[in-house]
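Subject: Structure handover

Hello,

Here is the structure I promised you. Please open it next to this email and follow along.

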Amino acid sequence: MVEKKTVCVIGAGVSGLAAAKAFRERGHNVTVIERSHDLGGVWEPSRSYPDVQTQSPKELYRYTSKPMPEAYPEWPKGPQVHAYLADYARENGITRLIRFDTSVTGMARREDGKPGWALTLAPKGQPETAESYDFVAVCTGQFSDKNMLSHPGQDGFTAAGGQVMHSSDYTDPSIVRGKRVVVLGFSKSATDIAVNAVKSGASQVTIVYREAVWRIPYFIGGLINFKRILYIRAQEKMFPGWGQTAMARINHAIARPVVWANWRALESLLSMQLKLKKTGLKPKTPIETGINCSVPIVTPGLYDMVADGRIKAIQGTFDHYEGKTVALSGGERVGVDIAVLAVGWKLGVPFLPEEYRRKLVEPDGQYRLYRIIANPDLPDMGFVGFNSSFCTVLCAELAANWLVRYADGQLAKQPTPAEMNDNIEMMLNWKRKERPAAGVYGGLCVAPYHFKHFDEILDDIGAKERKLNPLAENLSPPNADAYARYLKSAPQYMAA
């Protein structure tokens, strides 16, 4: 018999909602702690910049139990995604479980000797409280705390009327009309904001980037939806994965010339389609060495605007401000009224005690997580949504279903602490030596190995059905309806 637990889910974004549903469906008492005034995480409206939309098509950015509305476009906008998440929470009885405007400021092992954690909670405008839970699901993900930079001369710049903001604070495009805008960064959010600033009437738009990166258009060659190329198992097999057998290594060696030709053909096609030589934005590294979660989708209009001068792209970074000018590392000086820092987010779990943080994160920033979900040295705790990818929602949902079974001792292949640590060491070694691109974002990105990651999770939970027919399995992107069947084919149980 599985004993009913009190479970705290930290975060009410995509992964927090998936975790709350998974634990609630198994009969546990769930409380969701959300520091914002609304659910949605990165899709919460006050955190969304104008024109934000999914990088994944809607059939790949959904829960298994709920398709996105047919009326939504293939790449839904931010308000549509937020509405979808709100509907999902309401339909699954999660909304009433959420405590909004409440932050987790600390945690420690329970003093009564029982399994679980005592959390320090800080409701907005109220004194801190302490509450104990049998299990904690950390669902804050990789986009929780802003990474803010400060450069010399910034105080003088703002005193002169200049503005410096994080990309997540760029929510009102009217502020850029007639202004000189400089965007620092080259992520999808950076290019989205640069293009939006042009469309919103900025007098001058500059984007400052460290390195050119390969970007994927929504339709490769203007015809083929990118999901048909980058999201399929056949393409995934071109990347040597972890734990390969000797025969698999031999097969990869034999196929290497064909694989090499495949990537060079894709590079040539992208170079022509995106005008990479004309804009000077052709990356120096081979495309296959950098395919991971940091590969952005092309913001429509970006390369055309760089080509015709509406956006000026300069390689380098900020060095310092001089009045209403920003001096760049290469010596260039650019006039600026509004500086948008699209420099990402801080990785970490700040409320976790330092002694446990050291067990979670290696000195080089790599996370010690089995299946990118749990660490045997952090008992009664797991992480949902840290296994990021191009299929964010499906990754979170599968992780949540794995985690509840792990917490209840109900995995078909319940690992021992020794087995988990051995696997963690193997994965760390692979990321550091064989596939360095897999080490970005603390090694928490599963792309481009979606299917291999999903296969392991389904095998662990004991799913009797795991694949489509061979042709569909190799040439189709992950299918949420199919994964709904796979999850239902796993052993079912209820806590009591």
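Below is what I found, element by element.

First, the ground rules. This is a predicted model: local features need pLDDT of at least 70, side-chain atom pairs count only at pLDDT 80 or more, and totals for chains, interfaces and linings use all residues. Residues are numbered from 1 along each chain as its sequence is written, and side-chain values use heavy atoms, with hydrogens and water left out.

**Helix 1**

Start with helix 1, residues 14-25. Helices (H or I, at least four residues) and strands (E, at least two) are DSSP runs, numbered from the N terminus. The expected span of a helix is 1.5 Å times one less than its number of residues.

Buried means under 20% relative accessible area, exposed over 50%, and partly exposed in between (1.4 Å probe, protein chains only). The buried residues are Val-14, Ser-15, Gly-16, Leu-17, Ala-18, Ala-19, Ala-20, Lys-21, Ala-22 and Phe-23. Their cover includes strand 1 (6-10), strand 2 (29-33), helix 2 (78-91), strand 3 (98-99), strand 7 (135-138) and helix 11 (392-408). Contact here means heavy atoms within 4.5 Å. After the helix comes Gly-27, with a positive phi near 95°.

Two packed helices are described by the angle between their axes and the distance between the axes. Axes are lines fitted to C-alpha atoms, for helices over the stretch in contact, and angles run from 0 to 180 degrees between N-to-C directions.

Helix 1 and helix 2 pack at about 15°, with axes 11 Å apart. The two are therefore roughly parallel to each other. Angles under 35 degrees count as roughly parallel, over 145 as roughly antiparallel, 65 to 115 as roughly perpendicular and the rest as oblique. The crossing is left-handed. A crossing is left-handed if the near helix is turned anticlockwise from the far one by less than a right angle, and right-handed if clockwise. Val-14, Leu-17, Ala-18 and Lys-21 of helix 1 meet Leu-85, Tyr-88 and Ala-89 of helix 2. The residues of this contact divide into six nonpolar, no polar and one charged. Ala, Val, Leu, Ile, Met, Phe, Trp, Tyr, Cys and Pro count as nonpolar, Asp, Glu, Lys and Arg as charged, and the others, Gly among them, as polar.

Now helix 11. Helix 1 packs against helix 11 at about 40°, with axes 8 Å apart. This crossing is right-handed. From helix 1, the contact includes Val-14, Ser-15 and Phe-23; from helix 11, Val-393, Glu-397 and Asn-401 are among the residues. The residues of the contact divide into eleven nonpolar, two polar and one charged.

**Helix 14**

A cis peptide bond joins Ala-447 and Pro-448, with omega about 5°.

Nine of the twelve residues of helix 14 are buried, so this helix is largely enclosed by the rest of the structure. Among them are His-450, His-453, Glu-456 and Asp-460. Helix 6 (233-236), helix 11, helix 15 (470-475) and helix 16 are included in the cover. Just after helix 14, Gly-462 takes a positive phi of about 85°.

Gly-462 turns up again with Pro-491. Leaving aside neighbours within four places in sequence, Pro-491 is in contact with Arg-405, Ile-461 and Gly-462. Pro-491 lies in the segment after helix 16 (480-488) and is partly exposed, at 39% relative accessible area.

**Backbone points to check**

Most residues other than glycine have a negative phi, and most peptide bonds are trans. Ile-372 has a positive phi near 60°. Ile-372 lies in the loop between helix 10 (354-360) and strand 20 (381-383), and counts as buried at 11%. Asp-380 also has a positive phi near 60°. Asp-380 lies in the loop between helix 10 and strand 20, but counts as partly exposed at 21%.

**One more residue**

Ile-424 is in helix 12 (residues 417-434). Ile-424 is buried, at 2% relative accessibility. Leaving aside neighbours within four places in sequence, Ile-424 is in contact with Arg-368, Leu-369, Tyr-370 and Pro-376.

Best wishes
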